[in-house]
Amino acid sequence: MKKLIQNGKGELFLNATELLNTMVIKAKVTGNNFNYISKKHYETQVIRLGYSY
């Protein structure tokens, strides 16, 4: 989202990525007498608020 301010010379902006935390790496390892399952989440959740002129 962005909002023009200062008669169109300035801008406030807000953006966000990966809010639902859906980027997951899944791994499954099977060996003799064991099973290993893991889920790792990427650390990509970012919210930015800024100003430009």
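Helices (H or I, at least four residues) and strands (E, at least two) are DSSP runs, numbered from the N terminus. Residues are numbered from 1 along each chain as its sequence is written. The model is predicted, so local features need pLDDT of at least 70, side-chain atom pairs count only at pLDDT 80 or more, totals for chains, interfaces and linings use all residues, and side-chain values use heavy atoms, with hydrogens and water left out.

**Exercise 1. State which elements the protein chain contains and how spread out the chain is.**

Step 1. The protein chain has five strands and zero helices. Along the sequence this gives the pattern β-β-β-β-β.

Step 2. The radius of gyration, taken over C-alpha atoms, is 21 Å, well over the 10 Å that the globule rule gives for 53 residues, so the chain is more spread out than a compact globule. That rule is 2.2 Å times the number of residues to the power 0.38.

Step 3. Along the principal axes, the C-alpha atoms fill a box of roughly 70 × 15 × 10 Å.

**Exercise 2. Describe the confidence of the prediction.**

Step 1. The predictor's confidence in each residue is pLDDT, from 0 to 100. Its mean for the protein chain is 93, and 100% of the residues reach 70 or more.

Step 2. Among the elements, the highest mean, 96, belongs to strand 2 (residues 10-17), and the lowest, 94, to strand 4 (residues 34-41).

**Exercise 3. Describe how strand 3 and strand 4 pair.**

Step 1. Two strands pair if DSSP finds at least two bridges between them. Strand 3 (residues 24-31) and strand 4 are antiparallel and share eight bridges.

Step 2. In strand 4, Ser38 is the bridge partner of Ala27, and Ile37 stands opposite Lys28.

Step 3. The two strands form a hairpin with two residues between them, and Asn33 in the turn has a positive phi of about 65°.

**Exercise 4. Locate Leu19 and classify its accessibility.**

Step 1. Leu19 lies in the loop between strand 2 and strand 3.

Step 2. Buried means under 20% relative accessible area, exposed over 50%, and partly exposed in between (1.4 Å probe, protein chains only). Leu19 counts as exposed because its relative accessibility is 55%.

**Exercise 5. Identify the salt bridge of the structure.**

Step 1. A salt bridge is a side-chain nitrogen of Lys or Arg within 4 Å of a carboxyl oxygen of Asp or Glu. The structure holds one.

Step 2. This salt bridge joins the side chains of Lys2 and Glu11, at 3.7 Å from N to O. Lys2 counts as exposed, at 62% relative accessibility.
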